[in-house]
Amino acid sequence: MYAGHAAVALALRWREPRLPIVPLVLACYGPDWAEVVLMAPNPRAVMAAYTHSIPGLLIGAALVTLLWRWMRRPGATLLGVGWLLHWPADLFTGRKPLIFPTPLIGLDLYKLPLADFVLEATVVAIGCAIYARGVPKRAELRRVIVILGAALIALQAAADVALGVMRNTEWEPSLASATRQSHLPRARVHGWAGLRMRFALSPSHNRREGERWQRRTDPGAS
Ligand SMILES: [Zn+2]
């Protein structure tokens, strides 16, 4: 997720107006910063297991919370929450590790840039609306929030156009372990049944395949 993380920071800020917005935004993008730093000497796929897996996320959130608390600044818990919310946000747009480098799970919406744009623009609009509740109701402040939201949505549109141009692989959402797949050649299934298979929501299909395979290898079994 790109602009959506900034929108999460805006929404959280409403809970603690004494917490400056900059560290909160940095915390909401925290796993991505950590990945950029760690990626310098290592490939990205390996580093995601440290920065975007659930244990990596918990460690990062704990460190940033403790650091802010040690500095005796308000809003330490909120920084940790912002760091943790990075994971569910990325779950919609990419595919991320749970504990180990594989399997990767997520809805992979970066491969459907229009759907990604609609989702992130909605998150930005909601984040700005929540943020607006925490600031004084003055016309000039409202204008600043509207401009901020429009700028985030424009940045997201540019990112999605770039994603559409660069797209070189198929949309591959996954909500289940990639290792739990039939070893038989997979037939191309279209429509609703195909969608259920993509999301690994159709165990009955795999069961039917398994039964068919058993009949073929052991005709006397059935
Ligand atoms: Zn990320």
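## Reading a predicted chain, feature by feature

Tutor: Let's start in the core: the largest nonpolar core has 30 residues, and Ala7, Leu24 and Cys28 touch the most other members. A nonpolar core here is a set of buried Ala, Val, Leu, Ile, Met, Phe, Trp, Tyr and Cys residues joined through C-beta atoms within 7 Å. Buried means 20 or more other C-beta atoms within 10 Å of a residue's own, exposed means 12 or fewer, and partly exposed is in between, with C-beta atoms placed from the backbone.

Student: Which elements give two or more residues to this core?

Tutor: Helix 1 (3-13), helix 2 (21-28), helix 5, helix 6 and helix 8 do. Helix 1 gives the most, with 8 residues.

Student: What should I keep in mind about the model and its numbering?

Tutor: It's a predicted model, where local features need pLDDT of at least 70, side-chain atom pairs count only at pLDDT 80 or more, and totals for chains, interfaces and linings use all residues. Residues are numbered from 1 along each chain as its sequence is written.

Student: How many helices and strands does the chain have?

Tutor: Both are DSSP runs numbered from the N terminus: helices are H or I with at least four residues, strands are E with at least two. This chain has 11 helices and 2 strands. Reading from the N terminus, you get α-α-α-α-α-α-α-β-β-α-α-α-α.

Student: What does alanine 7 touch?

Tutor: Two residues are in contact if their C-beta atoms, placed from the backbone, lie within 7 Å. Leaving out residues up to four places away in sequence, alanine 7 touches Val123, Val124, Ile126, Gly127, Cys128 and Leu152. For the chain, take the contacts with a separation of 6 or more: 65% of them join residues 24 or more positions apart.

Student: And what share of the chain counts as buried?

Tutor: That's 29% of the 222 residues.

Student: Where is there a cis peptide bond?

Tutor: Look for omega near 0°: you'll find it in the bond from threonine 102 to proline 103. Proline 103 sits in the loop between strand 1 (96-97) and strand 2 (104-105).

Student: What is phi near for arginine 72, and is this residue buried or exposed?

Tutor: Arginine 72 has a positive phi, near 55°, in a residue other than glycine. Find arginine 72 in the loop between helix 5 (54-70) and helix 6 (76-84). It counts as exposed because it has 7 C-beta neighbours inside 10 Å.

Student: Where is aspartate 108 found?

Tutor: Aspartate 108 lies in the loop between strand 2 and helix 8 (113-133). Its phi is positive too, near 60°. Aspartate 108 has 22 other C-beta atoms within 10 Å, so it is buried.
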